[in-house]
Amino acid sequence: MVEKAQFSTHLYHPKYWLLWLGVGLMRLTQLLPLSIQMKLGSLIGRLAKAVMGSRVHTAKRNLELCFPKMSEVERQDLLTRNFEETGKAIFDTINAWWWSDAKIQRHMSIKGQEHVEKTLDDGHGVILFAVHCLPLEMGARIFGQFQPGVGVYRPHNNAVMEYLQVQGRLRSNKALVPKRDLRKMVRCLRSPDVIWYTADQDFGRSSATFIPFFAMPDAATITGATTLARLGKAKVLPFSVVRNKDDRGYSIEIFPPLDNFPGEDEVADAKRGNKIIEEIINREPSQYMWLHRRFKTRPNNDDPSVY
């Protein structure tokens with residue numbers, strides 16, 4: 001478990017100087033008004049759409065597979081807005097890592113925290129069942145304002161970025177656990193404590209079951225929420241965060257614990273989880289991470305790629 005960002009003089013190595021310069025410039029942008037940040041983010045997103053051909057193809061294909069009944073004009077509009085929102089997410093992360101608590105509180109609203117409090121009071125750990133929405137970093141920072149928890153994360157390959165993401169994510173939360181460390185996750189939940197958990201990406205065939213996701217009948221989906229809830233004696237609470245439509249703040253909502261979860265059938269649990277994920281995404285589909293190759297793993301090795 002990571003409870004503190006570890007700084008080393010090795011991070012001053014010349015190979016990191018350009019990165020540190022970029023980080024310094026990024027940090028300065030947190031002084032800008034949020035409205036200006038979002039306008040810049042929208043422009044960055046449009047520029048990215050113009051030059052990132054492979055990512056555009058991936059996002060466009062995901063939208064075609066998930067929303068086949070949507071008109072081509074509607075999908076193109078959603079694609080453009082998604083890239084704009086992706087550009088804005090750069091500033092979401094900057095703000096989540098470097099804004100003061102007071103500034104965070106001026107730009108946030110939170111609903112449903114009573115469900116977390118009651119679950120913990122009843123002696124159960126809390127699994128916040130989240131999705132890879134673009135403002136997720138800000139969602140975790142906001143949540144930590146009232147109930148610091150434990151984040152599940154992937155350690156960064158770059159030492160400077162690892163230091164920065166750990167430092168940023170611990171601004172209002174207790175600790176981070178590598179996503180493959182099931183034992184520590186279970187220990188946290190039995191404390192009892194709160195952890196974030198996402199099950200909406202493609203993690204490969206070995207740990208997946210193939211079930212529907214939107215209009216795709218066979219999306220590779222992990223069943224880890226069932227395992228975590230059972231071993232951790234925890235409750236699963238769906239979690240949503242969106243950037244407000246006026247770009248002036250962020251809203252999160254925590255829903256009541258799922259009843260009869262985990263069930264006796266982990267595949268049935270995963271199907272139920274995917275339905276919840278769809279509902280959360282549909283709240284603001286332009287703010288979902290459609291750039292991820294969600295359907296890269298096919299049920300059989302010889303199945304052709306959908307991309």
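Predicted model: local features only at pLDDT ≥ 70, side-chain atom pairs only at ≥ 80, totals over all residues.
## Helix α3

Start with α3, which runs over residues 53-66. From its first C-alpha to its last, this 14-residue helix reaches 20 Å, close to the 20 Å expected at 1.5 Å a residue.

Quite a few of its side chains are tucked away: V56, T58, A59, N62, L63, L65 and C66 are buried.

## A closer look at T58

T58 sits in helix α3. Its relative accessibility is 6%, and because buried means under 20%, T58 counts as buried.

What does T58 touch, once you set aside neighbours within four places in sequence? Its contacts are W290, L291, H292, R293 and Y307.

## Helix α6

Now for α6, residues 113-121, where V116, T119 and L120 are buried. These residues cover an arc of only 95° around the axis, so they end up on the same side of α6.

Packing against the buried residues of α6 are the helix α7 (136-143) and the strands β2 (125-130), β5 (194-198), β8 (234-243) and β9 (250-254). After α6 comes G123, with a positive phi near 90°.

Definitions and conventions. Residues numbered from 1 in each chain as written. Heavy atoms only, no water. Buried < 20%, exposed > 50% of the residue type's maximum accessible area, 1.4 Å probe, protein only. Helix = DSSP H or I, 4+ residues; strand = E, 2+ residues; numbered from the N terminus. Arc of directions from axis to C-beta. Contact = heavy atoms within 4.5 Å. Expected span 1.5 Å × (residues − 1).
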